[in-house]
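Keep the structure in view while reading.

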Amino acid sequence: MNRKMFGVLCLLLLSLMTKGCAGRPPETEQPLRYEEELGDFSEYIVVGFSQVGSESDWRMASTNSFKNTFTEEKGYYLLFEDAQQKQENQLKSIRNFILQEVDYIILDPIVETGWEAVLQEARDAEIPVILADRSVKVEDEELYTCWVGSDFEKEGRMAGEWLASYLEKQNRSDEEICIVTLQGTPGSTAQIGRTEGFASVLEEHPNWEMLEYQSGDFTQAKGQEVMERFLESYEQIDVVVSENDNMAFGAIDAIRGAGKTCGPDGDIILLSFDASRAALNAMLEGKINADFECNPILAPKVEEVIQKLEADETIEKRQYTEERYFDTSMNLKEILKERTY
Ligand code: GZL
């Protein structure tokens, strides 16, 4: 019996003993996930994946990418844990993966801080940690093997540059432009990068005023709630920067609820991030001006990393995905035909 099977078996015995100690009558005992699937693990690469949650279209596409990549047919056994947007759940999941002696841990960290201890525990257990999408802020970057994701600061900067060019075409370069921002989850890499990237262009335009930043936590409901408050608070809003599509959908509902319009022919310019299919359809309907892509299909790149690690090949520490932007000057009907998320 190899080390991994022994580990899983110990876990099984441990859990059966503790459950027995907990006094739950065996007949009500739900079989452990592993009881049903306990087989010869040695033929699989066992991967534990701690996912942020299921808060957005982007997130669902990300989850599908990992579930469709790390399949048993391809020689993987995927332990998938949805943290429901709570860091404490991710910390628990990682410790559980360590206990189960997985071969690799993939982590999409909800925020950048608070990871040193658990990453040290993974390193002590000699389990490589691969970061996907968002990143972590740690003193010792050797605590994780590599990071695969987007250049969020570039996304934010692209949005600012797009707005400057759009306003110029509208002969509004010298006009006072009032902006509000629906931010993503505070302290997440996507929020930090997009906010900083857009701000780097904002400071080049003294006639642009950022009225307020407020987090909508990347969800549609919170995005609508915050946008409703913005509309009550400010007489003039010329631009909404929404740091993901789901908050943009909420903003659209709030703007229409206030009797206003957004998009190329609207009262308010709406910029968004992710460029999901649903958002490109909303753009086609004239509700969104421009959308800055954030590619959720990261699992193939992560799989490549794991295969290289299996072959003892060197790994690049930071690996960026290719991204673009979309606006209503483009043939969106054609573009939508090839969009997979
Ligand atoms: C970005 C990702 C963000 C998306 C949101 O890489 O972390 O989280 O922009 C998602 O849609 O909720």
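In what order do the six strands of the open sheet lie? In this predicted model, the order is E7-E6-E8-E9-E10-E12, and the pairing is mixed. Strands of a sheet pair through backbone hydrogen bonds, and the pairing can be parallel or antiparallel. Strand E7 (208–215) and strand E12 (325–327) are the edge strands; each has a single partner strand, so one side of each has no neighbour in the sheet. On average, neighbouring strands of this sheet are turned by 15 degrees against each other, direction ignored.

Strand E6 (residues 177–183) and strand E8 (residues 239–242) run parallel and are joined by four bridges. Thr181 stands opposite Val241 in E8.

A helix also belongs to this picture. Helix H7 (residues 189–202) lies across E6, E7, E8 and strand E9 (269–274), and runs at about 170 degrees to E7.

The ligand comes next. Which residues come nearest to the ligand, out of the 13 around it? They are Glu55, Asp133, Arg134, Arg194 and Asp274.

| Residue | Distance to an oxygen atom of the ligand |
|---|---|
| Asp133 | 2.3 Å |
| Arg194 | 2.8 Å |
| Asn244 | 2.9 Å |

Taken alone, the ligand exposes 310 Å², and the protein buries 100% of that area.

Methods: Residues are numbered from 1 along each chain as its sequence is written. This is a predicted model: local features need pLDDT of at least 70, side-chain atom pairs count only at pLDDT 80 or more; totals for chains, interfaces and linings use all residues. Side-chain values use heavy atoms; hydrogens and water are left out. Two strands pair if DSSP finds at least two bridges between them. Helices (H or I, at least four residues) and strands (E, at least two) are DSSP runs, numbered from the N terminus. Axes are lines fitted to C-alpha atoms, for helices over the stretch in contact, and angles run from 0 to 180 degrees between N-to-C directions. Contact means heavy atoms within 4.5 Å. A residue is near a molecule or strand if one of its heavy atoms lies within 4 Å of it. A polar contact is a pair of N or O atoms within 3.5 Å; within protein, one must be able to donate a hydrogen and the other to accept it, and residues adjacent in sequence count only if both atoms are side-chain atoms. Accessible areas come from the Shrake-Rupley method with a 1.4 Å probe; for residues, only the protein chains shown count as cover.
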